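Work through the exercises below with the sequence and the model at hand. Each task is followed by a worked solution.

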Amino acid sequence: MSQRAWASWVRATHPLPLPFPEACSQNTNRTCEECLKNVSCLWCNTNKACLDYPVTRILPPSSLCTLSSARWGVCWVNFEALIITLSVVGGAVLLALAACCCACCCRRKRSRKPDKEEEKAAREREERRVRQEERRAEMKSRHDEIRKKYGLFKEENPYARFENN
């Protein structure tokens with residue numbers, strides 16, 4: 001590949017970089033919207049100054065601009081309200097996440113081993129069934145005795161009487 005072909009290929013595949021955005025200080029004494037078109041700018045409402053956002057710090061220092069008058073991203077929300085809102089939303093999300101984790105863990109514990117109440121109810125049902133069977137057998141033996149006494153006892157095989165004769 002010749003040098004000329006190489007240069008044209010580089011220009012075609014790698015377009016020239018965009019020009020640097022204008023400095024934030026050029027938008028001072030203009031509107032907030034014009035300043036915040038550049039995401040690296042911070043608008044100070046008290047002195048109508050457009051400043052470079054201090055990227056080394058999370059929050060702009062109060063010597064630069066107070067939080068209640070600083071705007072970043074959008075003009076209708078100040079930094080103070082933005083911080084409070086994000087804190088509340090973040091706290092609510094963390095609280096919901098913790099509640100979901102607790103609910104999932106508790107549900108797993110319950111499903112792994114049967115409840116003590118369920119075991120107790122099953123034992124009681126079994127005891128009642130056994131007692132009922134005992135009472136049923138007892139009543140049958142009493143009825144059989146009464147039938148024998150009065151000659152009303154029916155043999156298991158009604159034809160057995162004829163075979164013995």
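This is a predicted model: local features need pLDDT of at least 70, side-chain atom pairs count only at pLDDT 80 or more; totals for chains, interfaces and linings use all residues.

## Exercise 1: A pair in a helix

The side chains of R129 and E126 meet in a salt bridge, with 2.4 Å from N to O.

Solution. Residues are numbered from 1 along each chain as its sequence is written, and side-chain values use heavy atoms, with hydrogens and water left out.

Step 1. A salt bridge is a side-chain nitrogen of Lys or Arg within 4 Å of a carboxyl oxygen of Asp or Glu.

Step 2. Helices (H or I, at least four residues) and strands (E, at least two) are DSSP runs, numbered from the N terminus.

Step 3. Buried means under 20% relative accessible area, exposed over 50%, and partly exposed in between (1.4 Å probe, protein chains only). R129 has 44% and is partly exposed; E126 has 39% and is also partly exposed.

## Exercise 2: Other salt bridges

Task: state how many salt bridges a search of the whole structure finds, then describe the one between E133 and R136 and the one between R30 and E34.

Solution. Step 1. The search finds seven salt bridges. Side chains of opposite charge can pair when their charged atoms come close.

Step 1. In the bridge of E133 with R136, the closest N and O atoms are 3.2 Å apart. These two residues sit three positions apart in helix α4, so about one helical turn separates them. E133 is partly exposed at 40%, and R136 is partly exposed at 48%.

Step 2. For R30 and E34, the closest N and O atoms are 3.8 Å apart. R30 counts as partly exposed at 43% relative accessibility, and E34 is partly exposed at 33%.

Step 3. A network of salt bridges links K140, D144 and R147.

## Exercise 3: The chain as a whole

Task: how many helices and strands does the chain have, and what percentage of its residues is buried?

Solution. Step 1. There are five helices and four strands. Along the sequence they follow the pattern α-α-β-β-β-β-α-α-α.

Step 1. Of the 165 residues in the chain, 16% are buried.

Step 2. Contact means heavy atoms within 4.5 Å. Among the contacts in the chain with a separation of 6 or more, 28% join residues 24 or more positions apart.

Step 3. The chain exposes about 14,400 Å², and carbon and sulfur atoms supply 59% of this area. Accessible areas come from the Shrake-Rupley method with a 1.4 Å probe; for residues, only the protein chains shown count as cover.

## Exercise 4: A nonpolar patch

Task: which residues form a nonpolar patch on the surface, and where does L152 lie?

Solution. Step 1. Patches are made of residues with over 30% relative accessible area and no salt bridge; like charges are joined within 9 Å, and nonpolar side chains (Val, Leu, Ile, Met, Phe, Trp, Tyr) within 5 Å.

Step 1. The nonpolar patch consists of I146, Y150 and L152, which together have about 360 Å² of accessible area.

Step 2. L152 is in the loop between α4 and α5 (160-164). Its relative accessibility is 55%, so L152 counts as exposed.

## Exercise 5: Positive phi angles

Task: give the phi values of N29 and K48, and find the loop that holds each residue.

Solution. Step 1. N29 is not a glycine, yet has a positive phi of about 65°. N29 lies in the loop between α1 (3-13) and α2 (32-35), and at 64% relative accessibility N29 counts as exposed.

Step 1. K48 is also a residue other than glycine with a positive phi, here near 50°. K48 lies in the loop between β1 (41-44) and β2 (49-52). At 41% relative accessibility, K48 counts as partly exposed.
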